[in-house]
Amino acid sequence: MTSKGHKKHTALVRPAMGNWGRNEWAIVGAPCGDIKTLAEKIIAALSGKYAMAYVDAEHNDEQTAVSPRLNNGAVLEYIDADEAQNISLNSEVNPFAKRKLLGDCDVVLLNGNHHQGQQQIVVIDSRKKESLRKRLDQLTAVKLFLLADGETEPFDFIKEAIADWQQIPVFKLSETEQIVNLINNSLQTKAPVLNGLVLAGGKSERMGADKSAINWHGREQQYYMADLLKPYCQDVFISCRDEQKAGIDPNYQTLTDTFTGLGPYGAILSAFRQQPDSAWLVVACDLPLLDRPTLDELIASRSTKHVATTFVSPHDGFPEPLITIWEPKSYAELLSFLGQGYSCPRKVLINTHTHVINPSFPESLTNVNTPEELEKVKTILQQKNITA
């Protein structure tokens, strides 16, 4: 028994997820073989741009067959072949496990005859008319009707069940290009918004002074960086420790660390904890040479198909974690690595599906951690000002 008004669980902002992923499209109303064929065409057309998955059930016929069940008593079987890898599960897959399996997918297509999805593509096919009638309660967000050969309009029971059926697009099942374009346009409108996060919560121990307060460009670096990110982001936040918040200009939004003791890793997780459906353009405050051409290049190269987009560090050849666009799907990856005892954002970038590009302006990625490095960069800035 809990006292009145007591909350047993912390109120967390949950990512917008269905049973399997962030964007589910259930194709329902056609024979399973036709659904699989359509799904394969959609995936072939869009997989270069999006990470895609297809969810089906086990069938006996060759056309729709999936991996056979395990017969060795193992819960999981992993097979690494010459050209492919296969994982078979022989245990209950609850909604939490489903989202974990396909959490890095941008689009999940489902055989709607067996699985329910957030959005539905309804095929009008007399061969599956009665089966579709039984699934009316699953038609919660119909986005498209497809007419099989010989069909001219949705069934009467569909019209009765869906009040706005006349506003829903209708294509022929064979019109693959139009189907793909509709899905693609829908995904573009749902692209994660980009927020900015300036990392200013470090203790600057090697520098011996607060790096976020250094005046490189006429004002404190944390404010200069925040202003630099504003044209690219919906909102920009200065990441800080709780005790720093009172000293930050109230004209700038702050985001305090809620994953404490983890450095930049905790700051990124704290941002996702507050807005899990946003992407985050994360930059360290100790990059005094960072400029708009470099940010332009990063933004233009952004790939939402990947966990993150970043530069190759000109200093060591590894991905640079502290000027990176982290997509919403990276939240689960970051938590997973933390659960395995790792809190290095670079390790996440190296070991996940990351889009890494070569910087056209490598000097702009120079970071300053010591007084010696500070003097070198001062000289570079002075030379640039003289040249300008």
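Start inside: there is one cavity of 30 Å³ or more, with a cavity being a set of points on a 1 Å grid over the protein atoms alone where a 1.4 Å probe fits but cannot get out. Before you click, note that this is a predicted model, where local features need pLDDT of at least 70, side-chain atom pairs count only at pLDDT 80 or more, and totals for chains, interfaces and linings use all residues. Residues are numbered from 1 along each chain as its sequence is written, and side-chain values use heavy atoms, with hydrogens and water left out.

Now select A26, V28, G112, H115, Q116, G117, Q120, Q138 and L139, which line the largest cavity (lining residues have an atom within 4 Å of a point). About 40 Å³ of space lies in there, the volume being the space filled by probe spheres set on the points, joined across faces, edges and corners. Colour the lining by class and you get three nonpolar, six polar and no charged residues; Gly goes with the polar ones here.

Next, the rings. Phe, Tyr and Trp (its six-membered ring) pair if their centres lie within 6.5 Å; planes under 30 degrees apart are stacked, over 60 edge-to-face, the rest tilted. That rule gives four aromatic pairs. Pick F155 and F157: they are stacked, 5.5 Å centre to centre with 25 degrees between the planes. F155 and F157 are both buried (under 20% relative accessible area, 1.4 Å probe, protein chains only).

Last stop: F237 and W280, with centres 5.7 Å apart and planes at 50 degrees, so this pair is tilted. Both F237 and W280 are buried.

Conventions:
Buried means under 20% relative accessible area, exposed over 50%, partly exposed in between (1.4 Å probe, protein chains only). On a 1 Å grid over the protein atoms alone, a cavity is a set of points where a 1.4 Å probe fits but cannot get out, and a pocket is an open set with protein on both sides within 12 Å along at least five of seven lines; lining residues have an atom within 4 Å of a point.
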